[in-house]
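Here is a short note to read beside the model. Please keep the sequence and the 3D view open while going through the points.

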Amino acid sequence: MSSVYDTLRRILVLEQELGYRDRAVIGGLDAFLAHFLQDDIRAQGYRGSDAPALTSSLSEMLYQYKLKSLPLRKSAVARALELLDSHDSGVSSATDPQSAVLNELPSPRDVSTGQKEVADTTKGPIVSWPHKQPQQVIVPDPSSLDADVTVIRGVSTVTQERLARLEIHSLRDLLYYFPYRYDDYSTMRTINQLALGEQATIVGSVSQVKAQRISKGRYLTRAIIRDDTGSIEVSWFNQPYLERQLHVGSEIVLSGQVSEHLGRLVLASPEWEPLERELLHTARMVPVYRLTEGLGRHALRKIIKGVLDYWESRIPESIPEAMRQEHDLMPLGQALIQMHFPTSTASLQQARHRLCFEEFLLLQLGMLRRRNDRLAQPGRALEIPHQALQAFTERLPYKLTNAQQRSVREILDDMSRACPMSRLLQGEVGSGKTIVAVMAALAVVRNGLQVAVMAPTSILAEQHYRTFSQLLAPYGDIRCELLVGSLSQSDKERVHSDIASGAVNIAIGTHALIQQEVSFANLGLIIVDEQHRFGVAQRAELRAKGAQCEPHLLAMSATPIPRSLALTVYGDLDVSILDELPPNRQKIITRVRDSAGRERVYTFMRQEIESGRQAFVICPLVETGSDETTKAAVAEQQRLQRHVFKGCQVGLLHGRMSAADKDRVMLEFREKKYNILVATSVVEVGIDIPNATVILIEGAERFGLAQLHQFRGRVGRGQHKSYCILLSDESSEETLARLQILEESRDGFEIAQKDLELRGPGDFLGYRQHGLPLLRVASLSDLVVLEDARQAAGRVLAQDPTLERPEHQQLKAKMSVLWHTRDISY
């Protein structure tokens, strides 16, 4: 027998045990039959009187069960059970030629809007069965999911404007406007089973209701709700209209937290609904959405539920059936239903897994297609000058780490192929990225080609210029030039001319390198340092300077990037990782302190300065604003100079200064004209002051862990023991625990992963500037799902590179929508 009829049998038996009170299923037997025995049969192709005889007979016997007297209910249940028994033995099937169809009906667990929950009579006599009746919000047959929300009956232009404030414009936007949390009201209780503090749902009848004014403009509505086990007082503030809506004798469902008043259990401001309706706001896991003024939670739930009911079986499936089976993924329509109105925690997790996998799949398809397109582009295969490179390493006063040697091999292998390299070189501050970059540049120059090195700041560009010039000086025939905005016009014109003629082998600069008047004679390699600080368009402009053939690209980052973020943001790049530090690198002692320890910190800084060392003080702001409790660099520099370190020279560096002033201050600090440098996050990367041994970070709780780790890398670059002090005015346990991660770990990748989990990708490395689609469901902490999706994407593209197969058409369409106007190529 069909599981639908098995379930009906169990419900009828339970109805007998409960005394025929129509309490075996929420909404009553009438609603159950209307949905599962009528609608589902019609879904199989029956209409009106064509329904199978068993269904018609059961519907007739139990018709208007709620209105029947007790004797008639007993009789109806007995007759229905007898009919089900006879059908089980084959009597009905002999007379009903269509009864075989019943075996094909979906079970209640297969119906995405229903939830079977057999009653536990020790906890209460209620069986939860959210039933599906016609919604007040009915969606006509719109042409597509991109139809405007006004096609929904009942959505006026006023509601449309309110939805637009939530960035909801189409039916698709509604389907993908997911709750940010859920209130779990699925625990059914009788009144005598309620416990203080729990979230629970009860069903009862209204025995009293009264609204009274308790003060000017304030009302309190009280009601007494009863069931077979007792009664409880329920109250709502400032909702006097409830006195008209709650009718004495009516049965309602209430969900909320049980509290206490004058020694008695009460429900304060619970959600409630009439028992006869489909339950959206009670007796289930209830979705909680972000709202806007004029759009209430009940109204938004009803609108979304109406769209879901219409589109659940109509929405095109994007993931091929074979892939869904391989990865055990829900159908899309069912996943959307369960994301909004989950029948259980398990079903919500399954829905989230399905949508998470799909988002990652579409993202990786786009990334891998771009990577494949790049590999198909013609590039310049280089002859690797092994002797020159060996001579270079022999001149170094230290031996390359294993990670450096491995990264050099990977880069040289890439550049020896006839397609343009696109590689990301990751490594912490001090891991030796610059040496690797210089060796790559040397190989390119020895092939008669030019190199462009672009840095985000003049300070860092100048530092690279000095390093490249010093390391390559022994060759005598390699010319490096610096191109930054602070150069005089005549110097700029001279450098432009020499780059264009090919006289300059390695051009090192800032954004000045991508200006229109800069052209290269034969650009072979682009090195972009701290590449996350450049927008997509800027990198593309520089790469376009390779007029004859697309140049190779080496992007460098001193910020360790978690694997999940690297696969997402840089999924079209190959990655080399410098995961070990040179043996001479100092371990930086890190301590977290609150404001009470400030004077002791200053005393320690004086001791270091008296020993000839220098110190950084990092402030979150440039100038004091509305938040006067946060340290600002300008005011702090003046305070420290006048009141704390009177005999010392305290410098100031921040982002609002001109490039020339910033360069001047850094040069003076490097030359020890300042004992202390007060700065903002402008010192996060690239600045090399070997004599600095202390970095004090004010308002440390305002920075991300990865950024704090970068600040810490400004010290410990010389031979002296170095210290990082994280000073926080916020003394909460959560804040201190987060900062203590830096006390315990110096592994940049571990810190970066924790930072990603705490802050999300939106703040990490300026994720949004990469032009990537935003993830609605997936989190970059879902590394296992991301890896699975990337592998699946790779298999799909290996079989069907252009996604032309019929089973991939929906994937192709969705990917095109997701990546529309997005360009993440380098």
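**Notes on the model**

1. Glu744 is exposed, with a relative accessible area of 68%. Exposed means over 50%, buried under 20%, and partly exposed in between (1.4 Å probe, protein chains only). Glu744 sits in helix 24, residues 733-744. Helices are DSSP runs of H or I with at least four residues, strands are E runs of at least two, and both are numbered from the N terminus.

2. The model is predicted: local features need pLDDT of at least 70, side-chain atom pairs count only at pLDDT 80 or more, and totals for chains, interfaces and linings use all residues. Residues are numbered from 1 along each chain as its sequence is written, and side-chain values use heavy atoms, leaving out hydrogens and water.

3. Glu743, Glu744, Asp747 and Glu750 form a surface patch of negative charge. Such a patch takes residues with over 30% relative accessible area and no salt bridge, with like charges joined within 9 Å. A salt bridge puts a side-chain nitrogen of Lys or Arg within 4 Å of a carboxyl oxygen of Asp or Glu.

4. The largest nonpolar core has 58 residues. Leu174, Leu175, Leu336, Phe357 and Leu361 have the most contacts inside it. Helix 12 (345-376) is among the elements giving two or more residues. Helix 12 gives the most, eleven residues. A core joins buried nonpolar residues through side-chain atoms within 4.5 Å.

5. Asn238 has a positive phi, near 55°. Its place is the loop between strand 4 (230-237) and helix 8 (242-245). Asn238 is partly exposed, at 44% relative accessibility.

Notes:
Patch = residues over 30% accessible without salt bridge, like charges linked within 9 Å, V, L, I, M, F, W, Y side chains within 5 Å. Areas by Shrake-Rupley, 256 points an atom, 1.4 Å probe, with all protein chains shown as cover. Lys, Arg positive; Asp, Glu negative; His and termini not counted. Charge placed at Lys NZ, Arg CZ, Asp CG, Glu CD.
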